[in-house]
Amino acid sequence: MEEQKANVRAVERALDILLCFTDSTDLSLSEIAGRLSLHKSTVHRLLATLENKGFLIRNTQTEKYRLGFRLWELSANMSHSDDPATIWLPEMERLQDVVGETISLYVRDGLERIRIQAIQSNQAIRRVAPIGARMPLSVGASSKVLVAYAEPDVKNEVLSDPLWPVSIDQAAYIEQLEQIRMLGYATSVEERELGAAAAAAPIFNRNGKLVAALAVSGPSNRLTLERMIEISEPIKEAAYRMGKMLK
């Protein structure tokens with residue numbers, strides 16, 4: 001029994017190591033150990049295993065690690081015809097042609113949202129959207145969409161989060177959620193990042209279940225509130241069509 005627990009713990013730690021690379025391209029042993037609060041000897045053994053299996057690559061000059069090609073092999077198998085992040089790409093590209101800004105796709109994962117797909121804007125000054133980025137559900141247009149249309153227990157879980165920012169008034173937030181349900185879309189201006197703005201709409205499957213949020217983001221001096229209201233219909237229409245593609 002103890003051996004089984006140790007094996008499970010080793011797997012969890014290995015996965016935690018891989019998750020360290022969601023916001024970094026390369027990391028040293030010390031950096032990974034520091035992030036995970038683990039002894040270097042423990043991390044070193046796990047890194048050696050992940051490197052041998054091709055999940056990580058070590059730069060012999062800098063002694064830093066980066067994601068290996070085995071992950072690309074796994075991700076390639078996700079690109080089947082039933083993968084929403086893949087089948088929605090043409091619709092996202094079409095929307096990008098209309099609005100001229102960065103298009104992103106978000107799903108809820110616990111008390112966070114994660115970007116699973118993005119089409120970058122061609123503008124010189126644009127909102128760069130890395131795939132895999134995680135953000136809190138308390139701020140941002142996509143976050144508010146994912147909470148506004150979520151089940152009541154999800155809303156309660158989000159609002160009772162002990163890490164809820166004290167600077168955000170929950171009563172005002174709840175009022176925003178009601179407004180979003182009335183309008184069918186959400187907006188945000190510099191809520192999470194200075195100089196950035198976004199508008200988002202919900203994507204429902206054919207059974208009416210919320211599956212994702214479709215967002216348009218860009219610099220707040222270009223993506224003004226007036227501009228977001230103007231493009232809200234194309235965003236909602238694209239989200240509607242994307243939902244109809246799901247089985």
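Author: A pocket here is an open set of points on a 1 Å grid over the protein atoms alone, with protein on both sides within 12 Å along at least five of seven lines; a lining residue has an atom within 4 Å of a point. This is a predicted model, in which local features need pLDDT of at least 70 and side-chain atom pairs count only at pLDDT 80 or more, while totals for chains, interfaces and linings use all residues. Residues are numbered from 1 along each chain as its sequence is written, and side-chain values use heavy atoms, with hydrogens and water left out.

Reader: How many residues line the second largest pocket?
Author: The second largest pocket has a volume of about 220 Å³. Arg108, Ala150, Glu151, Lys209 and Leu210 are the lining residues nearest its centre. The number of residues in its lining is 13.

Reader: Which element gives the most residues to that lining?
Author: Helices (H or I, at least four residues) and strands (E, at least two) are DSSP runs, numbered from the N terminus. With three residues, the one that gives the most is strand 9.

Reader: How many residues of the lining of the second largest pocket are nonpolar?
Author: Ala, Val, Leu, Ile, Met, Phe, Trp, Tyr, Cys and Pro count as nonpolar, Asp, Glu, Lys and Arg as charged, and the others, Gly among them, as polar. The lining of the second largest pocket has one polar and three charged residues. Its number of nonpolar residues is nine.

Reader: What percentage of the residues in the protein is buried?
Author: The protein has 10 helices and nine strands, and its C-alpha atoms fill a box of roughly 55 × 40 × 40 Å along the principal axes. Buried means under 20% relative accessible area, exposed over 50% and partly exposed in between (1.4 Å probe, protein chains only). Of the 247 residues, the buried share is 42%.

Reader: How many aromatic pairs are there?
Author: Rings of Phe, Tyr and Trp (its six-membered ring) pair if their centres lie within 6.5 Å; planes under 30 degrees apart count as stacked, over 60 as edge-to-face and the rest as tilted. By this rule, the number of aromatic pairs is two.

Reader: What is the distance from centre to centre between tyrosine 149 and phenylalanine 204?
Author: Tyrosine 149 sits in the loop between helix 7 (141–148) and helix 8 (152–159), and phenylalanine 204 in strand 8 (residues 196–204), 55 residues apart. Tyrosine 149 counts as buried at 17% relative accessibility, whereas phenylalanine 204 is partly exposed at 29%. Their planes stand at 80°, an edge-to-face pair, and the distance from centre to centre is 5.4 Å.

Reader: Why is the pair of tryptophan 164 and tyrosine 173 edge-to-face?
Author: The ring centres of tryptophan 164 and tyrosine 173 are 4.9 Å apart. Tryptophan 164 is buried at 11% relative accessible area, and tyrosine 173 is buried at 1%. The pair is edge-to-face because the planes are at 85°.

Reader: Which residue lies over the face of tyrosine 106?
Author: A charge sits over a ring if NZ of Lys or CZ of Arg is within 6 Å of the ring centre and within 35 degrees of the ring normal. At 4.6 Å from the ring centre of tyrosine 106 lies arginine 113.

Reader: Where does glutamate 63 lie?
Author: Phi of glutamate 63 is near 60°, a positive value in a residue other than glycine. Glutamate 63 is partly exposed, at 40% relative accessible area. Its place is the loop between strand 2 (56–58) and strand 3 (64–67).

Definitions and conventions: 1 Å grid on protein atoms, 1.4 Å probe; cavity = no way out; pocket = protein on both sides within 12 Å on 5 of 7 lines; lining within 4 Å. Points joined across faces, edges and corners; volume = space filled by probe spheres on them.
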